[in-house]
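The sequence and the structure are shown first.

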Amino acid sequence: MARLSIDSPLGPLMLSGDGSALTSVGWGRFDRDEPDAVLAETARQLEAYFTGRLQRFDLPLKPAGTAFRRSVWDAMLAIPYGGTATYGGMAKMLESGPRAVGGACGANPIPIIIPCHRVLASGGAPGGYSGNGGLDTKAWLLALERRHAGVGQGNGAAAEQFALL
């Protein structure tokens, strides 16, 4: 198993992979890094994301989870940079319930890259966030994306409309 610790504006992140794909992003540091090419590219793309130069990750992903959770994570990958969706809207699309979608969001093994931070409760309430820093981290990620996507500056209509899901 490959692993790499990197610094980020949100604190240290732990990247894990299986040699062919990214399998997890966690909070903290490994005792010892054993990087591979996928993790090096993940680190490069995360650095570009945090500086606003990257709006769509292009990485091989292999999150471990049930078929339902993987369907939720796939749906999250379709939410545009700077946009949001709701637990209820995603549940309707997936013919499920909002709590099941929320559970899949909380179990997301690849946060930031699989953008669970873009999923909100009804009425725009933040819902939850299982990453380090909780809702403060979720708000920080959403603000970063909105700032660089131009949402609220006349450029983000398409991203804002995704919230109708």
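## Charges and surface

In the charge count used here, Lys and Arg are taken as positive and Asp and Glu as negative, while His and the chain ends are left out. In this predicted model, the chain carries 15 positive and 14 negative charges, whose mean positions lie 6 Å apart. The chain exposes about 8,000 Å², of which 53% is supplied by carbon and sulfur atoms.

## Overall fold

The chain contains 6 helices and 5 strands, and these elements follow one another from the N terminus in the order β-β-β-α-α-β-α-α-β-α-α. The radius of gyration is 15 Å, close to the 15 Å that the globule rule gives for 165 residues, so the chain is as compact as a globular protein of that length.

Along the principal axes, the C-alpha atoms fill a box of roughly 45 × 35 × 25 Å. Of the 165 residues, 47% count as buried, and among contacts with a separation of 6 or more, 61% come from residues 24 or more positions apart.

## Strand 2 and its two partners

Strand 2 (residues 13-17) pairs in the antiparallel sense with strand 1 (residues 2-6) over 5 bridges, and I6 stands opposite L13 in this pairing. The two strands form a hairpin with 6 residues between them, and G11 in the turn has a positive phi of about 105 degrees.

Strand 2 also pairs in the antiparallel sense with strand 3 (residues 22-27), again over 5 bridges, with V25 of strand 3 as the bridge partner of L15. This hairpin has 4 residues between its strands, and G19 in the turn has a positive phi of about 100 degrees.

Both faces of strand 2 are covered, with L13, L15 and G17 buried on one side and M14 and S16 buried on the other.

Note on methods:
Residues are numbered from 1 along each chain as its sequence is written. This is a predicted model: local features need pLDDT of at least 70, side-chain atom pairs count only at pLDDT 80 or more; totals for chains, interfaces and linings use all residues. Side-chain values use heavy atoms; hydrogens and water are left out. The radius of gyration is taken over C-alpha atoms; the globule rule is 2.2 Å times the number of residues to the power 0.38. Buried means under 20% relative accessible area, exposed over 50%, partly exposed in between (1.4 Å probe, protein chains only). Contact means heavy atoms within 4.5 Å. Accessible areas come from the Shrake-Rupley method with a 1.4 Å probe; for residues, only the protein chains shown count as cover. The place of a charge is taken as NZ of Lys, CZ of Arg, CG of Asp or CD of Glu. Two strands pair if DSSP finds at least two bridges between them.
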